Amino acid sequence: MTTLADTWGINEAQFWLRGIRPDEPVEHDEATGIWNVYGYPEILQALSDHAAFSSATQRLVPDAGDRFSEGNLVQMDPPDHHKLRKLVSHAFTPKVVADLEPRIAKLTHELLDAIPGDRTELVADLAYPLPVIVIAELLGVPSSDRALFKKWVDAMFESSDQFSLKERTKEQEEYFAKAMEQVQQLTDYLVSHAQDRRRQPREDLLSKLVLAEVDGARLTDAEVANFGMVLLVAGHITTTMLLGNTVLCLDAHPDQFAKLRADRSLVPSAIEESLRFFSPFAAVSRATGHETELGGQVIPADQLVLLWVAAGNRDPRQFTDPDAFDITREPNSQIAFGRGIHFCLGAPLARLEGRVALSILLERFPNLRTDPADGPEFLPSPAMTGVKRLPLLL
Ligand code: HEM
């Protein structure tokens with residue numbers, strides 16, 4: 001069987017995208033010192049037990065320190081996680097998100113209007129700018145600074161190496177130092193905006209965050225900035241990947257594409273299937289809080305564990321014919337947004353952006369297809385499954 005992963009040369013570390021099942025659902029990788037979890041039920045077990053599988057993983061990563069962990073929701077465990085999550089959930093209620101639909105549609109049209117001729121590079125023209133502008137407007141930072149966000153965020157995902165706890169090569173050291181420096185610049189930028197909002201609050205999320213109180217205390221500038229960073233990073237490249245991947249999956253499966261063109265009410269389920277088939281955020285990490293048993297293996301305390309949701313989404317114990325792309329798959333219990341207390345806060349927004357953008361794209365360009373002379377390019381990081389360039393003929 002030739003898969004899309006073979007055809008387009010997606011990162012070799014994501015072998016399950018080629019229809020290859022790992023030998024075991026839970027494996028220790030001697031080379032990296034990390035535990036990999038590939039099985040669907042094993043991933044759900046880990047996601048539901050935050051005492052055994054803590055989200056505070058930075059303590060295990062050499063040199064990462066904890067400078068970016070304050071206010072970083074993804075790195076928090078209960079009870080602190082619960083308090084901050086409750087506070088920021090107000091900013092992402094179904095109503096707030098639903099009210100963004102006209103703005104997302106208008107932006108999509110404007111971005112598509114700006115495409116000259118009958119070709120597009122989907123990532124640069126739509127899939128990148130759309131979610132970045134939306135999240136920047138929500139946060140209240142100028143969306144015209146998006147070239148800066150791109151520079152800072154890209155540096156975090158440039159390496160094609162499998163993440164490792166073992167000694168790093170000089171090249172890896174340099175990459176890591178550069179990525180940390182870029183993250184620092186991004187947080188400095190957000191701190192200065194947070195300070196500005198303390199002086200002059202506006203109608204934006206940053207102002208809500210600086211004014212919000214947890215246990216009677218205001219969040220610090222660092223907490224606001226780190227949370228803003230999580231939103232800015234999580235809030236844009238993932239949706240960029242979702243849009244690009246969905247178009248690519250449809251293009252590679254003409255029968256499914258024809259079905260969708262004939263019945264646009266299938267757009268939401270096509271997006272769910274794209275999330276399962278090419279999960280943008282391929283892995284989430286956890287640190288074992290104590291020795292624990294998972295999938296027949298005993299994992300000692302203080303181990304770094306990668307839960308490969310992208311592999312779980314291909315587990316034949318959960319999905320019939322997992323390597324088939326079926327936009328009418330029902331049920332589709334994909335876990336691309338995670339599960340449990342850390343379930344993606346932005347999932348309703350990502351789904352809305354995906355639905356609106358894909359619907360408008362299909363309506364305006366019914367003959368959209370990949371360019372056989374200029375194929376897609378994928379992000380190099382094994383933890384990400386997504387195109388960074390997708391040339392299309394309109
Ligand atoms: C297709 C798009 C997206 C995917 C695949 C995705 C995936 C994920 C996953 C897997 C997690 C769980 C992390 C964990 O358990 O450690 C997560 C958490 C999170 N996501 Fe998303 N995400 C997407 C879009 C967004 C957007 C648009 C936003 C914000 C506007 C966002 C904000 C967040 C935040 C704040 C968390 C942390 C939640 C917590 O720790 O309680 N994500 N996302």
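This is a predicted model: local features need pLDDT of at least 70, side-chain atom pairs count only at pLDDT 80 or more; totals for chains, interfaces and linings use all residues.
**Figure 1. The whole chain at a glance.** The protein chain is built from 16 helices and 14 strands. Its C-alpha atoms fill a box of roughly 55 × 55 × 40 Å along the principal axes. A compact globule with 394 residues would have a radius of gyration near 21 Å, and the chain agrees with this at 21 Å. Of the 394 residues, 54% are buried. Among contacts with a separation of 6 or more, 72% link residues 24 or more positions apart. The exposed surface comes to about 16,900 Å², with carbon and sulfur atoms supplying 54% of it.

**Figure 2. Cys-344 and the iron atom of the ligand.** The iron atom of the ligand has a single donor from the protein, the SG atom of Cys-344.

**Figure 3. Gln-334, tucked into the loop between H15 and H16.** Gln-334 is placed between helix H15 (309-312) and helix H16 (347-364). Is Gln-334 buried or exposed? Its relative accessible area is 9%, so Gln-334 counts as buried. The side chains of Gln-334 and Glu-272 are joined by a polar contact of 2.8 Å. Beyond residues up to four places away in sequence, Gln-334 touches Glu-272, Leu-275, Arg-276, Asn-313, Phe-319 and Arg-351.

Figure 4. The peptide bond leading from Glu-330 to Pro-331 is cis, with omega near 0°. Asp-321 has its place in this loop between H15 and H16 as well. Phi of Asp-321 is positive, near 50°, in a residue other than glycine. Asp-321 counts as exposed because its relative accessibility is 54%.

Figure 5. Side chains of opposite charge can pair when their charged atoms come close. The count for this model is 22 salt bridges, and three of them are picked out here. In one, Asp-323 pairs with Arg-314, the closest N and O atoms being 2.8 Å apart. Asp-323 is partly exposed at 27% relative accessibility, while Arg-314 is buried at 3%. In another, the side chains of Asp-315 and Arg-317 meet at 2.8 Å, N to O. Asp-315 is buried, with 1% relative accessibility, whereas Arg-317 is exposed, with a relative accessible area of 51%. Elsewhere, salt bridges that share partners join Asp-196, Arg-197, Arg-202 and Asp-204 into one network. Within that group, the side chains of Arg-197 and Asp-196 meet at 3.0 Å, N to O. Arg-197 is buried, at 0% relative accessibility.

Figure 6. Pro-79 is found in the loop between strand S3 (53-54) and helix H3 (80-89). The peptide bond from Pro-78 to Pro-79 is cis, and its omega is near 5°. Asp-302 is found in the loop between strand S9 (297-299) and strand S10 (304-307). Phi of Asp-302 is near 60°, a positive value in a residue other than glycine. With 42% relative accessibility, Asp-302 counts as partly exposed.

**Figure 7. Leu-393 and its contacts.** Leu-393 is part of strand S14 (residues 391-393). Leu-393 is buried because its relative accessible area is 16%, and buried means under 20%. Which residues is Leu-393 in contact with, leaving aside neighbours within four places in sequence? They are Asp-118, Arg-119, Asn-367, Leu-368, Arg-369, Thr-370, Asp-371 and Pro-372. Val-88 is 305 residues from Leu-393 along the chain, and their C-alpha atoms are separated by 41 Å.

Conventions
Residues are numbered from 1 along each chain as its sequence is written. Side-chain values use heavy atoms; hydrogens and water are left out. Helices (H or I, at least four residues) and strands (E, at least two) are DSSP runs, numbered from the N terminus. Buried means under 20% relative accessible area, exposed over 50%, partly exposed in between (1.4 Å probe, protein chains only). A polar contact is a pair of N or O atoms within 3.5 Å; within protein, one must be able to donate a hydrogen and the other to accept it, and residues adjacent in sequence count only if both atoms are side-chain atoms. Contact means heavy atoms within 4.5 Å. A salt bridge is a side-chain nitrogen of Lys or Arg within 4 Å of a carboxyl oxygen of Asp or Glu. The radius of gyration is taken over C-alpha atoms; the globule rule is 2.2 Å times the number of residues to the power 0.38. Accessible areas come from the Shrake-Rupley method with a 1.4 Å probe; for residues, only the protein chains shown count as cover. Donors are N, O and S atoms within 2.8 Å of the metal (3.2 Å for Na, K and Ca); water is not among the atoms, so sites may look incomplete.
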